[in-house]
Amino acid sequence: MSKEILSVLEHMEKEKGISRDDMIAAITQAIRGAAAKGIGFGQDLRVEINPKTGALKAWANFKVVDSVADPSTEIHIEKAHLYSAAPKLGDIVTKEIDPSLLGRIAAQTARQAIMQRVRQFEKDKIYEDYKDMVGDIVTGTVRRRERGDLMIELGKAEATLPPRECIPGENYAPGERIRCLLLNIENTARGPEIILSRASAKFVRRLFELEVAEISDGTVSIEAMAREPGYRTKISVNTTDPKVDPVGACVGARGARVKSIVRELGGEKIDIIRFYPDPHRMLEEAIKPALPKNVRVDERNRRIYFEVAEKDLAIAIGRGGQNAKLTSRLIGWKLDISREKHEALGFEERKQKAIAGFGPATGITEEQASKLVAMGINSLEAAEGVAAEDLVGAGFSEEEAQAVIALLATAKETSSAGKDGG
């Protein structure tokens, strides 16, 4: 049996990475439990294994008595002389067990217990190996799809990539290599459960940390991120060195750095902007190329109200409102976006101002002034050279047209006289 034990120790140490001392402790405990039941030595059994030779030795402890009630734990004082020079009542004597007898009785039960402990050792080792890798990027091989989950082989461990952590539109076949973020690891009754992610914003952050040296050394920092997997990621960056352009550092020469990350994400768009503590400035940067107008910041409710031109509205809101959502999450303020009303209101205001410009002093009614403005005659100067026939064509009656021309001429003369007198 010593050869079998030695081969088990060597195999587990080389193939499974389980130390010899740990395996010996597991085997001795398993044999002790199995042999105690099989041979009938109670629980007071001691087992030792030589780590170099695999040799097995075992001893049973008995209490010295003058009348034996339980042969599995007690020994008569006369028989105790076989194992101790001068035994006394109440003493504990130790009897060595024949290893071959122990082996025949305990082997099968011990083998099952050993395999259970080995599996537990493997689970514990996987947990120890991966628990400090949470938040890191790992590379694995796709093995199969199980109830919608992708099962990924990571060396000696198997991990799960749930559907919710996949990038929409991506599809991997068995045997393909895949990079993921090690999102979480939990020690369950079935063993360690490793959860991976490609949809997390932390995955993109970690890619930037690996790709951009300035982020790794702390010169450039990622202040905020917002991501809609498969669609777009917005990231704001800052720097502690005024000589460093944080956006340029992340983009890289000819866009090499950001292109590498975009390829890894399957073409997902990435917007990199400079961080500013002022939310108004952050809004301007985050919503480009759209231009926010008439911005109103509600500090109390952390809300920003603004307008964009008609042509920029679709850009600012994005498909399904995603761009607006990402911008809101990036700057940490709620956004209220509306179509710009400035142009329509401006025309109406100019129209009313022009109508009022003719004024009651000219004798021209508001209705007549409105008709004149509609023709493009928005001031007395603009009425120069206008004839009654022109007004008739714009909705005035012939008599009314003549009267308005006379009023305009009088008002102009009065205006000129006023200027000359001044």
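Me: What share of the contacts in the chain with a separation of 6 or more comes from residues 24 or more positions apart?

Reply: This is a predicted model, in which local features need pLDDT of at least 70, side-chain atom pairs count only at pLDDT 80 or more, and totals for chains, interfaces and linings use all residues. Residues are numbered from 1 along each chain as its sequence is written, and side-chain values use heavy atoms, leaving out hydrogens and water. A contact means heavy atoms within 4.5 Å. For contacts with a separation of 6 or more, the share from residues 24 or more positions apart is 56%.

Me: What percentage of the 422 residues count as buried?

Reply: Buried means under 20% relative accessible area, exposed over 50%, and partly exposed in between (1.4 Å probe, protein chains only). Of the 422 residues of the chain, the buried part is 38%.

Me: How many helices and strands are there in the chain?

Reply: Both are DSSP runs numbered from the N terminus: helices are H or I with at least four residues, strands are E with at least two. The count for the chain is 15 helices and 15 strands.

Me: Which residue in β11 is the bridge partner of Val-220?

Reply: Strand β11 (residues 232-239) runs antiparallel to β10, and 8 bridges join the two. In β11, the bridge partner of Val-220 is Thr-239.

Me: At roughly what angle do the axes of helix α10 and α11 cross?

Reply: Ile-315, Ala-316 and Ile-317 in α10 meet Gln-322, Asn-323 and Ala-324 in α11. The axes of α10 (residues 310-317) and α11 come within 5 Å and cross at roughly 65°.

Me: Which residue forms a salt bridge with Asp-271?

Reply: A salt bridge is a side-chain nitrogen of Lys or Arg within 4 Å of a carboxyl oxygen of Asp or Glu. The closest N and O atoms of this pair are 3.0 Å apart, and the partner of Asp-271 is Lys-234. Asp-271 lies in strand β12 and its partner in strand β11, so the pair ties together parts that are 37 residues apart in sequence.

Me: How many residues apart are Arg-144 and Glu-158?

Reply: Their side chains meet in a salt bridge at 2.7 Å, N to O. Arg-144 is in strand β5 (residues 137-146) and Glu-158 in strand β7 (residues 157-161), a separation of 14 residues.

Me: How many residues apart are Glu-264 and Arg-179?

Reply: Glu-264 and Arg-179 form a salt bridge, with the closest N and O atoms 3.6 Å apart. Glu-264 sits in helix α8 (residues 256-264) and Arg-179 in strand β8 (residues 177-188), a separation of 85 residues.

Conventions
Two strands pair if DSSP finds at least two bridges between them. Axes are lines fitted to C-alpha atoms, for helices over the stretch in contact, and angles run from 0 to 180 degrees between N-to-C directions.
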